[in-house]
Amino acid sequence: MKECVFSGMRPTGKLHLGHLAGALSNWLKLQDEFECYYCIVDWHALMSEYMNSSKIKDYCREILLDWLAVGLDPEKAVIFQQSHVSGHAELHLALSMIAPLGRLERNPIYKEQLENIADKDLQTYGFLGYPVLMAADILLYKATKVPVGEDQSIHLEIAKELARKFNSTFEEVFPEPEILLTPTPRVPGIDGRKMSKSYNNALFISEDLNEMWDKIRTMMTDPARMRRSDPGEPEKCPVWHLHKIFTQDEEKKRELAHGCRSAGIGCIDCKKVLMEWIRFKLEPIQKRRKYYEEHGLEMMDILREGAERASNVADKTIEEVKSAVGFIL
Ligand code: SF4
């Protein structure tokens with residue numbers, strides 16, 4: 001029997017090349033090896049976006065389009081929306097009964113977000129309980145592997161602690177999930193900082209490729225190359241870090257690096273090559289995305305079937321939880 005993997009994404013808008021090169025590339029490999037549950041975690045989105053909840057529905061659609069476009073396959077993985085499977089909310093409630101308040105209040109991610117996010121009301125019970133809901137998501141499927149970034153490892157620790165506490169307080173129901181550390185390349189945005197929608201520096205998976213070229217054409221490079229005749233250092237250039245991910249011709253990359261260091265090529269020449277490789281990667285993805293945009297009913301079916309498959313597993317776990325705590329006669 002295959003080990004179970006759970007991972008989710010909050011629906012906050014269209015996905016970008018950072019998602020593609022990071023999480024989604026990993027998910028594509030994992031769906032061939034494990035029993036994967038890929039979840040659009042809309043309840044999680046509500047925690048921070050409850051003042052703007054009308055957008056969540058559209059964001060769920062966008063994220064699903066991007067997932068299917070890049071090749072997540074409903075024949076291989078269970079693809080579904082969190083709120084369509086009631087077990088997530090039920091297990092969240094059960095785990096919240098045993099979640100130590102002090103542990104949640106000391107969570108550094110919680111404290112950092114409270115301090116730094118000023119434009120949202122995060123002073124809510126739901127936001128404090130974010131890791132409890134995340135634990136419920138994972139434990140509901142008894143997932144043993146969770147592909148999350150280092151930044152989320154604290155949340156996974158809390159999930160393990162809650163599994164342990166539930167098992168020792170009631171009955172052994174949950175395996176302890178392990179973090180599945182997967183290499184994620186550094187993906188810079190057009191200003192050189194980490195690619196992020198909130199920095200307004202992202203190149204989106206679904207973006208018109210002519211508009212993308214306008215962004216790449218003016219993208220930041222090694223500041224040493226003020227003039228065409230100035231030599232540069234590729235390692236100091238965000239364009240080069242995108243070449244490392246998308247340009248699949250090693251000989252060409254060596255040529256570009258040499259051309260940069262010797263001022264033998266200009267930055268626009270270098271960027272044109274990058275754009276061609278990004279185009280090569282994105283054209284089939286965008287074609288598939290268009291297909292699904294025109295076949296909305298097929299997307300609804302995928303979500304409905306995904307929710308059914310997920311519920312079959314989730315309902316059994318909830319029965320075990322109810323039995324363990326003593327609700328079932
Ligand atoms: Fe960057 Fe390429 Fe210009 Fe070198 S030639 S600075 S790698 S864009």
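Biologist: Which residues does Ala 135 touch, leaving out those up to four places away in sequence?
Modeller: Ala 135 touches Leu 95, Ile 158, Ala 159 and Leu 162. Contact here is C-beta to C-beta within 7 Å, with those atoms placed from the backbone. This is a predicted model, so local features need pLDDT of at least 70 and side-chain atom pairs count only at pLDDT 80 or more, while totals for chains, interfaces and linings use all residues. Residues are numbered from 1 along each chain as its sequence is written.

Biologist: How many residues does the largest nonpolar core have, and which have the most contacts inside it?
Modeller: The largest nonpolar core has 81 residues, and those with the most contacts inside it are Tyr 37, Tyr 38, Ala 135, Leu 139 and Ala 159. Helix α8 (residues 130-140) gives the largest share of this core, nine residues. A core of this kind is a set of buried Ala, Val, Leu, Ile, Met, Phe, Trp, Tyr and Cys residues joined through C-beta atoms within 7 Å. Buried means 20 or more other C-beta atoms within 10 Å of a residue's own, exposed means 12 or fewer, and partly exposed is in between. Helices (H or I, at least four residues) and strands (E, at least two) are DSSP runs numbered from the N terminus.

Biologist: How many residues of domain 1 are in contact with domain 2?
Modeller: Six residues of domain 1 are in contact with six of domain 2. On the domain 1 side, α3 gives the most, with four residues. The C-alpha centres of the two domains lie 35 Å apart.

Biologist: Helix packing next. At what angle do α10 and α13 pack?
Modeller: Helix α10 (residues 209-217) and helix α13 (residues 267-293) pack at about 150°, with their axes 10 Å apart. That makes α10 roughly antiparallel to α13. Axes are lines fitted to C-alpha atoms, for helices over the stretch in contact, and angles run from 0 to 180 degrees between N-to-C directions. Under 35 degrees counts as roughly parallel, over 145 as roughly antiparallel, 65 to 115 as roughly perpendicular and the rest as oblique.

Biologist: Which residues of α10 and α13 meet?
Modeller: From α10, Leu 209, Trp 213, Ile 216 and Arg 217 meet Ile 268, Lys 271, Leu 274, Met 275, Arg 279 and Leu 282 of α13.

Biologist: Ile 268, buried or exposed?
Modeller: Ile 268 is exposed, with 11 other C-beta atoms within 10 Å.

Biologist: Why is α11 largely enclosed by the rest of the structure?
Modeller: Because seven of the nine residues of helix α11 (residues 238-246) are buried. They are Pro 238, Val 239, Trp 240, Leu 242, His 243, Ile 245 and Phe 246. What covers them includes α1 (17-33), α12 (250-261) and α13.

Biologist: Which residues of α2 are buried?
Modeller: In helix α2 (residues 42-49), the buried residues are Asp 42, Trp 43, His 44 and Ala 45. Their cover includes β2 (35-40), α3 (56-70), β3 (78-81), α4 (87-96) and α8.

Biologist: Backbone now. What is the phi of Lys 142?
Modeller: Positive, about 50°, although Lys 142 is not a glycine. Most residues other than glycine have a negative phi. Lys 142 sits in the loop between α8 and β4 (145-146) and is partly exposed, with 18 other C-beta atoms within 10 Å.

Biologist: What about the phi of Asn 200?
Modeller: Asn 200 has a positive phi near 60°. The residue lies in the loop between β5 (178-179) and α10. Asn 200 is exposed, with 9 other C-beta atoms within 10 Å.

Biologist: Last one: which residues does Ala 263 touch, with the sequence neighbours up to four places away not counted?
Modeller: Ser 229, Asp 230 and Pro 231. Ala 263 is in the loop between α12 and α13 and is partly exposed, with 14 other C-beta atoms within 10 Å.

Technical notes. Two residues are in contact if their C-beta atoms, placed from the backbone, lie within 7 Å. Domain bounds come from an automatic or database domain assignment.
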